[in-house]
Amino acid sequence: MTYLPFTKPTLDEDTIQGVVEVLRSGWLASGPNVQLLEKALSDYHGGRIARTLTSATGGLEVALQVCGIGHGDEVITPAMSFAATPNVIMRVGARPVFVDVDLATRNLDLGRVEAAITPRTKAIMPVHFAGLPVDMDALYAIAEQHKLRVIEDAAHAVGSSWKGRKIGSFGDIVSFSFHPNKNMTTIEGGALTFAFADEVKQFDLLRFHGISRDAEGNMDVSLAGGKYNLSDVAARVGLGQLGQLDGFNARRRELAGHYFQHLASDPACLLPSRGHAGDEAGHSWHMFAPLLPLDSLSIGRKQFIDAMHQRGIGVGIHYPALHLFSLYRELGYKEGDFPNAERIGRETVTLPLFPAMTTADVERVCAALQEIFIEARK
Ligand SMILES: *Cc1c(COP(=O)(O)O)cnc(C)c1O
């Protein structure tokens, strides 16, 4: 029985050959392939200026710096995400202000955002959880009314769209991740798309040592920039991936559809939202993560995951609620603050979903899950 991981990147032969050519070319650091990838990302996102870098975590941090967010400022962000999201807010000296998420969409509950806004609030950092876009109309209406910046953590959402418009092709600053677990990869890496050209200049300085050059090529350093530029080897991987992204995501949607079909029956997990009504094709299905019906089972989540592993199936946890980590408890957060994030954190399991999976794989996962539920039913 072959092991089925919960995620796996798909790299085609053309991309592998392309990488071999870059390795033989003598130019490995940022060069022509980075420029090609940034142009391709810009084209993909309706002409928005796009910049690559070595991680989405670095991208989010630099985006906050570009917006001038730092000590004394507050940034509103969901209590359910990967730790990178609030960590970067802490890293620039600002304070993450958590807001609970919706149980079905796992996205920031926009109805609760306004109550969290204070005179110190400078930005909202939403997450398009599992590839399902936040309600962009409502999000940007709040941001506009309160004059807040929006830095979208779109790590899960490359290729997602809202009412037919790609995430990253509109809005403020949008950050994508190309980690191997995400919908496309550059091994490690990420990208930002920008609304304002003058901020891109600032970003370029922050990405590479603060270095600029005049017409004669004389170098100047105007700020203490960091070092976040992508390699040409990684960019070549990304070029191969971007060309296949829409196909990957279409396959993810198909496989998610099979999960819904097979899990619709008893015993019911709480299934994730299928997408916004009439706009289901905008969901890129980075993950398929139901909530376990732990109240009706005699086993806990750890035992469920172990039982799946025994059947050769990988299961992930995305994620524990952020505010219960010790770093965020130190800010005063505690159990009971965000009931939906806490319930998701306790009950969520990420089932295998990646483009190279077959429908037989989905059936195998669902059969294993149902077998375990039947054995463990109270
Ligand atoms: C993966 C991820 C990140 C960080 O991406 P890296 O490219 O690994 O730095 C940030 N936010 C979320 C929600 C993620 O899932």
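**Sheet and ligand site in a predicted model**

Trainee: In strand 9, which residue is the bridge partner of Ala50?
Mentor: This is a predicted model. Strand 9 covers residues 190-194 and pairs with strand 1. In strand 9, Ala50 is bridged to Thr193.

Trainee: In which sense do strand 1 and strand 9 pair, parallel or antiparallel?
Mentor: Strands of a sheet pair through backbone hydrogen bonds, in one of two senses. Here there are five bridges between strand 1 and strand 9, and the sense is antiparallel.

Trainee: Seven strands form the open sheet; what are the edge strands?
Mentor: The order is 1-9-8-5-4-2-3, with mixed pairing. An edge strand here pairs on one side only. That picks out strand 1 (49-53) and strand 3 (95-99).

Trainee: By how many degrees are neighbouring strands of this sheet turned against each other on average?
Mentor: Direction is ignored for this value. The average is 25 degrees.

Trainee: Which strands does helix 4 touch?
Mentor: Helix 4 spans residues 84-91 and packs on the sheet.

Trainee: How much of the ligand's accessible area does the protein cover?
Mentor: The ligand is surrounded by 15 residues, and the closest include Asp153 and Ser177. Polar side-chain atoms lie 2.5 Å from a ligand oxygen atom for Thr57 and 2.8 Å for His156. For Lys182, a side-chain N or O atom is 3.1 Å from an oxygen atom of the ligand. Of the 380 Å² that the ligand has on its own, the protein covers 93%.

Terms used
Residues are numbered from 1 along each chain as its sequence is written. This is a predicted model: local features need pLDDT of at least 70, side-chain atom pairs count only at pLDDT 80 or more; totals for chains, interfaces and linings use all residues. Side-chain values use heavy atoms; hydrogens and water are left out. Two strands pair if DSSP finds at least two bridges between them. Helices (H or I, at least four residues) and strands (E, at least two) are DSSP runs, numbered from the N terminus. Axes are lines fitted to C-alpha atoms, for helices over the stretch in contact, and angles run from 0 to 180 degrees between N-to-C directions. Contact means heavy atoms within 4.5 Å. A residue is near a molecule or strand if one of its heavy atoms lies within 4 Å of it. A polar contact is a pair of N or O atoms within 3.5 Å; within protein, one must be able to donate a hydrogen and the other to accept it, and residues adjacent in sequence count only if both atoms are side-chain atoms. Accessible areas come from the Shrake-Rupley method with a 1.4 Å probe; for residues, only the protein chains shown count as cover.
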